[in-house]
Amino acid sequence: MAVQSSMLDLGTSAPPFALPDPAGAIHSIDDFAASPALLVAFICNHCPYVVHIADAFAAFARDYQPRGLAIVAISSNDIATYPQDAPDKMALFAKQHGFNFPYLFDETQNIARAYDAVCTPDLYLFDASRKLAYRGQFDDTRPKSGATPTGADLRAATDALLTGAMPSADQKPSVGCSIKWKA
């Protein structure tokens, strides 16, 4: 069943994280301190909403990283119940879709809770001072809609932020599968 993101308050400070990628290397929020903007994306491998946007999300990253946007994706699903979201499968998913940004595993689910993430995808765009400037949908396409994802909403917010403006406050919640919480 699809759920909507919680729409964390704009201006909220980015919660810190230090999480491993599938190879075991630890990445922290401090790794991105020099970037003028940071996108934290909660995703997973099996959610049809994530699968629907995965290639377009990788293209978005290729377009915006050269402009200074730092990107990190985090999977927080319970792998005991959803083994297809385990780190070895994360590495394969990232390779298949051409991710060129860290894809991290939140085994304790503490980081997802700190961000108030509830669905995949759940997207959080922070400014240079790591204050939340955008939280919402990638775009208005959905699986089985027949529409090709473009990332229009996230692109507009990122364009504004990277040119010194604030994204529009009219932001639509992300829609996707619920994060699979541990019992």
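There are 0 disulfides in this structure, a disulfide being a pair of cysteine sulfur atoms within 2.5 Å. Cys119 takes part in none, and its nearest cysteine sulfur, the one on Cys47, sits 8.1 Å away. Cys119 is buried, at a relative accessible area of 0%, and Cys177 is buried too, at 12%; buried here means under 20% relative accessible area, exposed over 50% and partly exposed in between, using a 1.4 Å probe and protein chains only.

The model is a predicted one, so local features need pLDDT of at least 70 and side-chain atom pairs count only at pLDDT 80 or more, while totals for chains, interfaces and linings use all residues. Residue numbers run from 1 along each chain as its sequence is written, and side-chain values use heavy atoms, with hydrogens and water left out.

On to the sheet: 5 strands make an open sheet with mixed pairing, ordered S6-S5-S4-S8-S9. Strands (E, at least two residues) and helices (H or I, at least four) are DSSP runs numbered from the N terminus, and two strands pair if DSSP finds at least two bridges between them. S6 (103–105) and S9 (132–136) are the edge strands, each with a single partner, so one side of each has no neighbour in the sheet. Neighbouring strands are turned by 20 degrees against each other on average, direction ignored; axes are lines fitted to C-alpha atoms, for helices over the stretch in contact, and angles run from 0 to 180 degrees between N-to-C directions.

S4 (residues 37–42) pairs with S8 (residues 122–126) in the antiparallel sense over 5 bridges, and Val40 stands opposite Tyr124 in S8. Helix H1 (residues 48–64) packs on the sheet, touching S4, S5 (69–75) and S8, and its direction makes about 155 degrees with that of S5; contact means heavy atoms within 4.5 Å.
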